[in-house]
Amino acid sequence: MSEGISKHLFLPKGQGLGLKDGKLDKDAFKKVIPVLAAKVAPEKAGVLLKSPVMKRSLLDVPKIKSVGTEGPGNEERLVLLKYSDQVDLTPEVLEFLKSQSAELVSYPVEFSYDYWTADEIIHAILPEELEAGAPSGFANVGHIGENFVVFPRTRNLAKNPKCRTVVNKLDNIDNQFRVFRMELLAGEPDFVVTQSENGCKFTFDFREVYWNSRLHTEHERLIEKFKREDVVADVFAGVGPFAVPAAKKGCAVLANDLNPSSYKYLTMNVVDNKS
Ligand SMILES: C[S@@+](CC[C@H](N)C(=O)[O-])C[C@H]1O[C@@H](n2cnc3c(N)ncnc32)[C@H](O)[C@@H]1O
C-alpha cells in the first residue's frame, strides 16, 4: 500500500525558495495536496473517525484538521483520508464507507508557511552553496534567539513570533564566568531577557551571565530531589536556576556566584520570585 500524502510532504532543499529581493515571501511555501475525503452526514463523521477499519486510512498530520466542510451553509462533513487515489483504499475500507453512505470526493489540503518547521524553511531558503552552513539548531532565551538565519533587509525573525533579537555566539566559553561573547545579528539590541523555568522567572543580561536553556531538565531533576527540610548550598549559582526554585520549595538556600552580574540578577530573581 502507498504511504499516501506523506510522500509529498517536503520542501525542496537548497533552491533559494521564498527569497525575493532579500525579502521573505511566505506564499512560496504554500503547498496544496489533493486528498480523498469521505463526505458524510454530520453525525457520521465521528463514526468514521473512531472506526478501527478506517484508522490506517485517515489523514493524521500535525496542525491539519482531519475534518473539513464544503463551505458555509453546507452541513455535510468531509472526513479527510491520507490517499489521493481510490486504488490505495482496501476493499474493507471501501465497504465500510459504503455502509455509512459516504461519498468519496477530492479535497485540497493546504500546507502553508506555518505548517513547516523552522528547519524545513531554513533549508528551503538557503541556496545549495550555503546549505552546509545552515544552523543545525537554535535556542531561545527569553526574547533572544541564538543562531537563527536572518534576512538582513527585512530583519525578519522567521518562524518565531516571540523573538525580537537574534544573536550569534562568537567563541567557546573558556572564561571563569562562563559567558559568551556574542554579536547582534538582527532585531533590537536588548539583551536583558526574562526566561521561565521550573515555575520561576529569571531575568538577566544574556551577555553578562551564564545561562543555558538546554539545562532545564537537569535543573528540574535536581530540584525534584530537594525536600523542604533540606539546606541547599549552591556555590556556583549563576542567576539562580537551582537556588531560586529550591527556595520556593521551602528549602533553606545559600547561594553564591563570583560574577557580580550573576549575583546582581540572582538577588533580583530571589525577590521577583518571592523565594
Ligand atoms: C556553568 S555556570 C552554572 C551556573 C548555574 N548553576 C546554572 O546552572 O545556570 C558556573 C557559574 O560558576 C560561577 N563561578 C566560576 N568560578 C566561581 C568561583 N570561584 N566561585 C563562585 N562562582 C564561580 C560562574 O560565574 C558561573 O555563573
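Predicted model: local features only at pLDDT ≥ 70, side-chain atom pairs only at ≥ 80, totals over all residues.

**Entry 1**

Residues are numbered from 1 along each chain as its sequence is written, and side-chain values use heavy atoms, with hydrogens and water left out.

Helices here are DSSP runs of H or I with at least four residues, strands are E runs of at least two, and both are numbered from the N terminus. I see that α6 runs over residues 260-272, which is 13 residues.

Which residues of α6 are buried? I found Ser261, Ser262, Tyr265, Leu266 and Asn269. They share one side of α6 because they cover an arc of only 135 degrees around the axis, taken from the directions from the helix axis to the C-beta atoms. Pro260 and Val271 are exposed on the other side. My cut-offs were under 20% relative accessible area for buried, over 50% for exposed and partly exposed in between, with a 1.4 Å probe and protein chains only.

I then listed what the buried residues of α6 pack against: β11, β12, α5 and β14. Serine 261 counts as buried at 11% relative accessibility, and it touches Glu208 and Val209, leaving out residues up to four places away in sequence. Contact here means heavy atoms within 4.5 Å. Just after α6, I noted lysine 274 with a positive phi of about 50 degrees.

**Entry 2: rings around phenylalanine 111**

I moved on to phenylalanine 111, which is buried with a relative accessible area of 0%. I counted rings of Phe, Tyr and Trp (its six-membered ring) as paired if their centres lie within 6.5 Å, calling planes under 30 degrees apart stacked, over 60 edge-to-face and the rest tilted. The count came to 7 aromatic pairs. Phenylalanine 111 and tyrosine 115 are edge-to-face, 4.8 Å centre to centre with 70 degrees between the planes. With tryptophan 116, phenylalanine 111 makes a tilted pair, the centres 6.4 Å apart and the planes at 45 degrees. Elsewhere, I found Phe202, Phe204, Phe206 and Trp211 linked into a cluster by ring pairs.

Definitions and conventions. Expected span 1.5 Å × (residues − 1).
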